[in-house]
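Hi,

Here is the structure I promised to pass on.

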Amino acid sequence: MGSVIVRSMSMDIVRPGMIVGSPVEDRLGRHLVESGTVLTAYIIEQLRYLGVGSLQIRIGEANDKRYTPTMSKLARQQVERLRREDPAKLHFSRTLKKQIAAGVQTIYNNPSPKELADTTRSIMDDLMTAIDSNNAVALNIRELKTSDEYTFEHSVDVATISMIIAKQQKKSRKEVYEIGMAGLLHDIGKTKVPPEILNKPARLTPEEFEIMKKHSTYSYEMVQDNSEIPDSVKVAMLQHHEKIDGSGYPNGAMASGIHPYAKILTVADIYDALVTDRPYKQGMPPGQAVEMLMAMTDKLDMNDLKSFLSSMILYPVDSYVELSNGETARVVQKNPEGLLRPVVVGCETGKVYDLSQIDCANIIITNVK
């Protein structure tokens, strides 16, 4: 083997098969990827999702070898027997992402009422086309994030998650469209919040939070007289921070007083806020955020929460994970009722772990390979 050189390479040009030359660390110094790891498309996708901009790559080694864990004969047989494709997933092309991000920027620049409605409809047409292209009823929640700016990105994420939840519930095309529209517009009132509060790099004081809470009312007021925005969308925008136990805002509405669209938006909004890095906090790992949502059954509509769990994909089929017992395993099935607990096959032992079952209760996924 020839000499090895380590060179920094942008994430835009790294490819599967390349070898990592030095550990990739998160903000707390924890290793996300170890030196010597052979990159897969999945690892590259996750690093981009986490905001990693470049990697140290080894030059002069066999970078064309794809990472594939050694699978025993029994493991291969079990994978072939048990593997089930994920439900059809929503996918955005890079071109579509840029197109949508540009449209959302227009929305947040306080356009005229007609331009706001026209731009929103244009984005919604793009989102509906993406869903219709493969009749998507699921979403890999690690593939969200359409831009690098939080407010724009968050709006599209909430719209996308909400539309998939609605599709999972077999709502009409009109309802899916309107729920997505409400997701796109739900935070436009933040443009009326003082920048020093909106962008404060620390937790808000109680007084500042009271001002921030006004954004949902501002959002509603910005479209209240816009005849081209459906009334159901306007109400959902106003109520997206209401909770079924009455603990939300702006009006402390309870279950029966909250519009069905708003209940869906609330689930999507909370999830995306939990996983997103902000100036004052690091976003949670997706699995931890899901666990937190599952603990909010007193505040969130159970039907909408179940639909979220059924339609989101955290561990795609054919991805490799590390189990708490030390074994590397391949994901072969998503559990419809267990987003965090797929069916996996141990690569060496060929043992089948249905992580949703009681006999696997002491085994968890500790890492994505």
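At roughly what angle do the axes of helix α9 and helix α10 cross? Before the answer, please keep in mind that this is a predicted model. The axes of α9 (residues 215-223) and α10 (residues 231-239) cross at roughly 160° and come within 7 Å. Angles over 145 degrees count as roughly antiparallel, and that makes α9 roughly antiparallel to α10. The crossing in which α9 passes α10 is left-handed.

On the α9 side, the contact is made by S216, T217, S219, Y220 and V223, while α10 brings K234, M237 and L238. By class, the residues of this contact divide into four nonpolar, three polar and one charged.

Next, helix α11. This helix covers residues 260-275, 16 residues in all. From its first C-alpha to its last, α11 reaches 24 Å, close to the 22 Å expected at 1.5 Å a residue. Of those 16 residues, 14 are buried, so α11 is largely enclosed by the rest of the structure.

Finally, a residue in a strand: Q56 sits in β4, which runs over residues 54-59. Is Q56 buried, partly exposed or exposed? Its relative accessible area is 31%, so Q56 counts as partly exposed. Leaving aside neighbours within four places in sequence, Q56 is in contact with V6, R7 and S8, and also with I19, V20, G21 and S22. V156, by contrast, lies 100 residues from Q56 in sequence and 32 Å from it in space, C-alpha to C-alpha.

Happy to talk any of this through.

Best wishes

Key. Residues are numbered from 1 along each chain as its sequence is written. This is a predicted model: local features need pLDDT of at least 70, side-chain atom pairs count only at pLDDT 80 or more; totals for chains, interfaces and linings use all residues. Side-chain values use heavy atoms; hydrogens and water are left out. Axes are lines fitted to C-alpha atoms, for helices over the stretch in contact, and angles run from 0 to 180 degrees between N-to-C directions. Helices (H or I, at least four residues) and strands (E, at least two) are DSSP runs, numbered from the N terminus. Angles under 35 degrees count as roughly parallel, over 145 as roughly antiparallel, 65 to 115 as roughly perpendicular and the rest as oblique. A crossing is left-handed if the near helix is turned anticlockwise from the far one by less than a right angle, and right-handed if clockwise. Contact means heavy atoms within 4.5 Å. Ala, Val, Leu, Ile, Met, Phe, Trp, Tyr, Cys and Pro count as nonpolar, Asp, Glu, Lys and Arg as charged, and the others, Gly among them, as polar. The expected span of a helix is 1.5 Å times one less than its number of residues. Buried means under 20% relative accessible area, exposed over 50%, partly exposed in between (1.4 Å probe, protein chains only).
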